[in-house]
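Biologist: I am new to this structure. Could you show me how to read its features, one at a time?

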Amino acid sequence: MPISAESKLTQGERTSARIIDGFAVIVVNDAQRLHTLNAVGTRIWAMADGRSAHAIATALTDEFDVDHDEALASVVAFADELAGVGALEIGEPAA
Amino acid sequence: MDVGQEAAPGSLGRVEGWRDVVYGGARLAFSVGFDEEVRADDHAAFVRGASAPHFAEITAAVGRAPARSLLGEPNGIQWRRDGEDVEIRTLGARAALRELGHGRFAARASLVPSGIGVPSLATALVTTAAELCGGVVMHGVAVALGDVAHLFVGPSGAGKTTAANHCPEARWLARDRAILVPGSDGYRVYGIAGGDPVELAPNPEQGLPLAAIHRIRRDRPKPAAERLGPARALMAVRENVMSGGGPAEEPHCLDRVMALIGAVPVFDLHTRLGAPLDAVLREAA
């Protein structure tokens, strides 16, 4: 599914994660694969509670030295990557 | 399981009635309801007398399973919770394990008479009990250096066995799989069967306090130990944990690994062929 600014991002139900020393370590339970995220990725992951990519990008602009377009592009690319390994679920924007 | 006693070459002896041993740090009392020949394998090297120190006691009543009933069982260990019981499946054997109290377990098991079922079942019971006691089972090589243990981890071919062979003052504790169990004095390490046969030095102490975990690296000109931060330590350890609980138990597995890395330092151990590691390990401990 293509990810848009209005797509809803949610942590995968079948994942286990711990944020440790500011970095998220995520296990995709079924695949038993581990992933570590950097500081920005960890913040995106932490905010992936059903919020839209746009909302997360807006929050990132408050926390990091980045403009909204760049933040949104990062969120979309990151979400695409994590969805590809089963760590993130992408929801359709509300009609 | 009569593997702690003398047996004819090629055999570990016959099992019928009660056998009482310590294997992998757990005391196992078996009641086998039929006459079973147990083939020689490497389990015997890890079996100690029942008076050895142990972290758990498991009493198991073992019955015969029809030969065809356990076909298709995993060539490994899988377990899942089912009410008060933990259902365990492994090669040639099944068991229901129930915790009676802290570190005390009872099991009902069935196995196909095959010569390998009893050792296979013993490994499954001990490793599962270790996980239920808050421990972890790890793919790795453990050595004793002085009064403490060091665990080498990494994927197959990383150089774990080579690293152990570069510790001339150390004694082998585990050559492929180790059980790490928390206790009042930190984590203790116990070896269990698995991996390529190597000569195990006598280790009457059975288990030792774990001083450090080392992820093997071979990318520096001189041996050195570099301590990992918490996130990298979590990755390094979790990648080498062998949990039979599968996806459903992953959150609990991560919690156990978090507790482990909170208690035991984790290093990248840079090794070089021909360079002894004893001094580096001592410094890390």
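Biologist: Which residue in β3(A) is the bridge partner of A:Ala17?

Modeller: Start with the general idea. Strands of a sheet pair through backbone hydrogen bonds, either parallel or antiparallel. Here, in a predicted model, A:Ala17 has A:Ile26 of β3(A) as its bridge partner.

Biologist: How many bridges join β2(A) to β3(A)?

Modeller: There are 6 bridges, and the two strands run antiparallel. Strand β3 covers residues 23-28 of chain A.

Biologist: What is the strand order of the sheet in chain A?

Modeller: The order is β2-β3-β4. This is an open sheet of 3 strands, with antiparallel pairing. β2 (15-20) and β4 (33-36) of chain A stand at the edges. Each has a single partner strand, so one side of each lacks a neighbour in the sheet. On average, neighbouring strands of this sheet are turned by 15 degrees against each other, direction ignored.

Biologist: Which helices lie across β2 and β3 of chain A?

Modeller: One of them is α1 of chain A, residues 39-47. Helix α1 runs at about 60 degrees to β3(A). Helix α4 of chain B, residues 250-263, also lies across these strands.

Biologist: Now helix packing. At what angle do α2 and α3 of chain A pack?

Modeller: The general idea comes first. Two packed helices are described by the angle between their axes and the distance between the axes. In this case, α2 (residues 53-63) and α3 (residues 68-84) of chain A pack at about 125 degrees, with axes 8 Å apart. That angle makes α2(A) oblique to α3(A). Their crossing is right-handed.

Biologist: Which residues meet there?

Modeller: From α2(A), they include A:Ile56, A:Ala57 and A:Leu60. From α3(A), they are A:His68, A:Ala71, A:Leu72 and A:Val75. The residues of this contact divide into 7 nonpolar, 4 polar and no charged.

Biologist: Where in chain B is confidence lowest, and where is it highest?

Modeller: Among its elements, strand β1 (residues 11-23) has the lowest confidence, at a mean of 75. Strand β17 (residues 266-270) has the highest, at 97. Chain B averages a pLDDT of 87, and 89% of its residues score at least 70. Over residues 1-7 of chain B, pLDDT stays under 50. The model has 19 contacts beyond four places in sequence for that stretch.

Biologist: What ipTM and pTM does the predictor give the complex?

Modeller: The ipTM is 0.79 and the pTM is 0.88.

Note on methods:
Residues numbered from 1 in each chain as written. Chains lettered and ligands numbered in written order. Predicted model: local features only at pLDDT ≥ 70, side-chain atom pairs only at ≥ 80, totals over all residues. Heavy atoms only, no water. Pairing = 2+ DSSP bridges. Helix = DSSP H or I, 4+ residues; strand = E, 2+ residues; numbered from the N terminus. Axes fitted to C-alpha atoms, helices over the stretch in contact; angles between N-to-C directions. Contact = heavy atoms within 4.5 Å. pLDDT = per-residue confidence, 0-100. Parallel < 35°, antiparallel > 145°, perpendicular 65-115°, else oblique. Left-handed = near helix turned anticlockwise from the far one by under 90°. Nonpolar A, V, L, I, M, F, W, Y, C, P; charged D, E, K, R; others polar.
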